[in-house]
Amino acid sequence: MKGFKFIAGAVCPSCGDIDSIVLKNDDSEIRCVSCKYLKMKGDEFDKKENNIIESIKIIND
Ligand SMILES: [Zn+2]
């Protein structure tokens, strides 16, 4: 997927697939390549989705 990077170990909150979550290069949105899950960064994240954001931060460190 052009303009997106895979987040290793991230679990999709919608379909539960592992390693299917991609983050847009400008960090503005999160997508799942296995289902149609899409989350804009401006949206409010629930607890499960916050775990994905946390794992993204860990990987970026
Ligand atoms: Zn999914």
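What follows is a short exchange about how the features of this predicted model are assigned.

Biologist: What makes β3 and β4 count as paired strands?

Modeller: Strand β3, residues 29-32, is joined to β4 by three bridges in the antiparallel sense, and because pairing requires at least two bridges, the two strands qualify as a pair; one of the residues involved is I30, whose bridge partner in β4 is K39.

Biologist: Why are β1 and β4 called edge strands?

Modeller: The four strands form an open, antiparallel sheet in the order β1-β2-β3-β4, and β1 (4-6) and β4 (38-40) each pair on one side only. Neighbouring strands of this sheet are turned against each other by 25° on average, direction ignored.

Biologist: What makes I7, A10, C12, I21, L23, I30 and C32 a nonpolar core?

Modeller: A set of this kind consists of buried residues of types such as Ala, Leu, Ile and Cys, joined through C-beta atoms within 7 Å, and these seven residues make up the largest such core in the model; β2 (21-24) and β3 each supply at least two of its members. Buried residues make up 15% of the 61 residues in the protein.

Biologist: How do you know which element has the lowest confidence?

Modeller: Because pLDDT expresses the predictor's confidence in each residue on a scale from 0 to 100, the element means can be compared: helix α1, residues 47-60, has the lowest at 66, whereas β1 has the highest at 93. For the protein, the mean pLDDT is 83, and 70% of the residues reach 70 or more.

Technical notes
Residues numbered from 1 in each chain as written. Predicted model: local features only at pLDDT ≥ 70, side-chain atom pairs only at ≥ 80, totals over all residues. Axes fitted to C-alpha atoms, helices over the stretch in contact; angles between N-to-C directions. Buried ≥ 20, exposed ≤ 12 C-beta atoms within 10 Å, placed from the backbone.
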